[in-house]
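Thank you all for coming; I would like to take a few minutes on one model. Please have a look at it first, and then I will go through some of its contacts.

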Amino acid sequence: MTLTIPVNDHGQIRVFEMRDALADAAKRKTPQGLADLLGTDALDPDFIDIVNIDDLGTMRLTDYIAQGYDMETSAQDVAAVNAITGHAILIMSRAARGQEVTLKPASGVRHVTTYLPKAQLEIIAPLTSDAASGIINDPPGKPPKSDAQIGGMVAMYALIAMFLLVGLIVWIAA
């Protein structure tokens with residue numbers, strides 16, 4: 001069986017089950033170990049995760065993937081992914097380095113499922129209030145002056161007038 005990771009692949013995780021014991025080179029994710037395991041050395045080992053199911057303890061593999069990679073599996077795949085024993089091999093899209101890569105898994109390596117990223121689209125209902133309709137015009141000019149502002153201006157002009165009147169009286173008296 002072969003599996004091809006296309007050039008435009010993004011955000012997916014391919015889950016494989018390894019039934020036989022892993023070779024030490026494959027555990028360390030050396031190029032030769034991955035080539036023996038997956039049939040190609042074109043993958044970036046930094047984006048391949050080899051999980052020993054026994055190391056998860058009571059955590060299920062689907063929980064590990066959901067929490068570690070923020071991916072949710074479909075209901076039909078939960079049983080298949082959690083039934084993996086031995087080792088799980090998780091190959092992220094970025095492992096292909098943006099190239100088309102064909103995987104030829106060794107005997108004992110089986111493709112279980114491919115996790116797809118959650119759709120981030122959110123449909124927003126149209127606004128129905130009267131305030132949401134109409135045309136936005138240029139902003140209005142200055143807002144009208146408040147009563148307090150007008151009262152303050154009258155008081156200021158009255159004080160200026162009184163100052164000038166007192167000044168005139170002092171000048172005449174002198």
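Predicted model: local features only at pLDDT ≥ 70, side-chain atom pairs only at ≥ 80, totals over all residues.

Residues are numbered from 1 along each chain as its sequence is written, and side-chain values use heavy atoms, with hydrogens and water left out.

The structure holds 5 salt bridges, a salt bridge being a side-chain nitrogen of Lys or Arg within 4 Å of a carboxyl oxygen of Asp or Glu. In one of them, the side chains of E17 and R110 meet at 2.7 Å, N to O, and this pair links distant parts of the chain, since E17 lies in strand β2 (residues 13–18) and R110 in strand β6 (residues 109–115), 93 residues apart; strands here are DSSP runs of E with at least two residues, and helices are runs of H or I with at least four, numbered from the N terminus. E17 is buried, with a relative accessible area of 6%, whereas R110 is partly exposed at 33%, where buried means under 20%, exposed over 50% and partly exposed in between, with a 1.4 Å probe and protein chains only. E17 and R110 also belong, with R19, to a network of salt bridges.

Another salt bridge joins D9 to R14, with the closest N and O atoms 3.0 Å apart; D9 is buried at 13% relative accessible area, and R14 is buried at 5%.

Turning to the helices, L61, T62 and I65 in α3 meet V78, V81 and N82 in α4, contact being heavy atoms within 4.5 Å.
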